[in-house]
Amino acid sequence: MAKRKRRTFTPEFRTEVVLEALRGESSQAELCRRHNLSDDQLSKW
C-alpha cells in the first residue's frame, strides 16, 4: 500500500483560521468542516 502524505499548513492559513475562530463568526465545528480539519488540530493551533 502507498503511504499517505501528510498535509502541511502554512502559518498564514493557520492564522486565518484561528482568527476566524476567535472572532466568533463561525463555530469551531463549522470551521473544521469548511477547511477539512479535525477538532483536535484546530484546538492545537
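This is a predicted model: local features need pLDDT of at least 70, side-chain atom pairs count only at pLDDT 80 or more; totals for chains, interfaces and linings use all residues.

Guide: Happy to. Sorted by class, the lining of the largest pocket has three nonpolar, two polar and three charged residues. The residues that line the largest pocket are Arg-6, Arg-7, Thr-8, Phe-9, Arg-14, Leu-37, Gln-41 and Trp-45. Rolling a probe the size of a water molecule over the atoms is what shows where empty space is left.

Now for the setting of that pocket. The chain has three helices and zero strands, and along the sequence the pattern reads α-α-α. Its C-alpha trace spans about 40 × 20 × 15 Å along the principal axes.

One of the lining residues, Arg-14, lies in the range of helix H1, residues 11-23. Helix H1 packs with helix H2, residues 28-35, at an angle of about 150°, and the two axes are 10 Å apart. An angle over 145 degrees counts as roughly antiparallel, and H1 and H2 are therefore roughly antiparallel to each other. Their crossing is right-handed. On the H1 side, the contact is made by Phe-13, Val-17, Glu-20 and Ala-21; on the H2 side, Leu-31, Arg-34 and His-35 take part. By class, this contact of H1 with H2 has four nonpolar, one polar and two charged residues.

Technical notes
Residues are numbered from 1 along each chain as its sequence is written. Side-chain values use heavy atoms; hydrogens and water are left out. Axes are lines fitted to C-alpha atoms, for helices over the stretch in contact, and angles run from 0 to 180 degrees between N-to-C directions. Helices (H or I, at least four residues) and strands (E, at least two) are DSSP runs, numbered from the N terminus. Angles under 35 degrees count as roughly parallel, over 145 as roughly antiparallel, 65 to 115 as roughly perpendicular and the rest as oblique. A crossing is left-handed if the near helix is turned anticlockwise from the far one by less than a right angle, and right-handed if clockwise. Contact means heavy atoms within 4.5 Å. Ala, Val, Leu, Ile, Met, Phe, Trp, Tyr, Cys and Pro count as nonpolar, Asp, Glu, Lys and Arg as charged, and the others, Gly among them, as polar. On a 1 Å grid over the protein atoms alone, a cavity is a set of points where a 1.4 Å probe fits but cannot get out, and a pocket is an open set with protein on both sides within 12 Å along at least five of seven lines; lining residues have an atom within 4 Å of a point.
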